Amino acid sequence: MLTENKFASDVITRSAEETIARGRELAAKMRPPLLVLLSGELGAGKTTLAKGMISGLGAAAEEEITSPTFTLVHTFTGPVKVFHVDLYRVEGVQEFDSLGLEDIFAEPAIVFVEWPERMWMHTDWPVMRIDLEHAGDDARKITVAR
Ligand SMILES: Nc1ncnc2c1ncn2[C@@H]1O[C@H](COP(=O)(O)OP(=O)(O)OP(=O)(O)O)[C@@H](O)[C@H]1O
Ligand SMILES: [Mg+2]
């Protein structure tokens with residue numbers, strides 16, 4: 001695919017720091033309301049990219065952005081409201097209302113979701129899809145589609 005699809009863009013990063021930098025670049029173009037779906041295998045770099053995006057939005061400092069795997073959702077209130085959700089531990093395909101997550105879409109925010117394939121999310125907000133793939137050693141391919 002590489003750059004053939006004009007609706008998608010790919011970059012390869014070679015370290016966690018480069019992925020954070022890519023996240024900051026992407027954040028510069030984000031405006032609420034926006035749902036950002038972060039797909040990719042374990043350790044692909046979803047949380048690392050979220051660190052770059054959420055810190056880039058000015059919603060939190062990098063070190064405050066950790067994996068919400070056990071808490072399901074982290075909420076940040078900065079210049080923009082940000083939710084960072086990780087559905088890895090959600091069993092089966094559930095609806096987000098059943099998890100008490102419906103408030104996330106109550107007012108314009110930027111919502112980052114790791115493991116989005118675990119749950120059915122219904123919203124009329126714009127969606128940005130980001131896919132991360134292992135590309136050997138510390139390399140990751142980050143594909144953005146909208
Ligand atoms: N190019 C890279 N981009 C991102 N992370 C990298 C890169 N190279 C190495 N890493 C390392 O890979 C790991 C990525 O972990 P991270 O928690 O971001 O993945 P994840 O996709 O959120 O995993 P999970 O599915 O468990 O939530 C980190 O330990 C990070 O330091
Ligand atoms: Mg993660």
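Reply: Let's begin with one definition: helices (H or I, at least four residues) and strands (E, at least two) are DSSP runs, numbered from the N terminus. Lys 46, for instance, is found in helix 2. This is a predicted model, in which local features need pLDDT of at least 70, side-chain atom pairs count only at pLDDT 80 or more, and totals for chains, interfaces and linings use all residues. Residues are numbered from 1 along each chain as its sequence is written, chains are lettered from A and ligands numbered from 1 in the order in which they are written, and side-chain values use heavy atoms, without hydrogens and water.

Me: How many helices and strands does the protein chain have?

Reply: The secondary structure comes to 2 helices and 9 strands. Read from the N terminus, the elements follow the order β-α-β-α-β-β-β-β-β-β-β.

Me: Why is Lys 46 called buried?

Reply: Buried means under 20% relative accessible area (exposed is over 50%, partly exposed in between, with a 1.4 Å probe and protein chains only). Lys 46 has a relative accessible area of 4%, so Lys 46 is buried. Across the 146 residues of the protein chain, 46% count as buried.

Me: What makes helix 2 largely enclosed by the rest of the structure?

Reply: Of its 11 residues, 8 are buried, and therefore helix 2 is largely enclosed. Among the buried residues are Leu 49, Ala 50, Met 53 and Ile 54. Just after helix 2, Gly 58 takes a positive phi of about 80°.

Me: Does Ser 55 count as buried or exposed, and why?

Reply: Ser 55 has 9% relative accessibility, which means that Ser 55 counts as buried. Ser 55 also belongs to helix 2.

Me: What makes a polar contact with the side chain of Ser 55?

Reply: The side chain of Arg 24 does, at 3.2 Å. The cut-off is a pair of N or O atoms within 3.5 Å; within protein, one must be able to donate a hydrogen and the other to accept it, and residues adjacent in sequence count only if both atoms are side-chain atoms. Ser 55 has another neighbour, as a polar atom of its side chain lies 3.3 Å from the backbone oxygen of Gly 52.

Me: Which residues coordinate the magnesium ion?

Reply: Thr 47 (OG1) and Glu 114 (OE) coordinate the magnesium ion (ligand 2), at 2.1 Å. The pair links distant parts of the chain, with Thr 47 in helix 2 (residues 46-56) and Glu 114 in strand 6 (residues 110-114), 67 residues apart. Donors are N, O and S atoms within 2.8 Å of the metal (3.2 Å for Na, K and Ca), and sites may look incomplete because water is not among the atoms. Both Thr 47 and Glu 114 are buried.

Me: Which residues come nearest to ligand 1?

Reply: Of the 18 residues around ligand 1, the nearest are Thr 19, Lys 46, Thr 47, Thr 48 and Asp 138. To be near, a residue needs a heavy atom within 4 Å. Helix 2 gives the largest share of this shell, 3 residues, while helix 1 (16-27) and helix 2 each supply at least two.

Me: Which atoms of ligand 1 lie beside Gly 43, Glu 114 and Asp 138?

Reply: An oxygen atom of ligand 1 lies 3.0 Å from a backbone N or O atom of Gly 43. An oxygen atom of the ligand is 3.1 Å from a side-chain N or O atom of Glu 114. For Asp 138, a backbone N or O atom lies 2.7 Å from a nitrogen atom of ligand 1.

Me: How many residues apart in sequence are Lys 46 and Trp 115?

Reply: They are 69 residues apart in sequence, and 9.0 Å apart in space from C-alpha to C-alpha.
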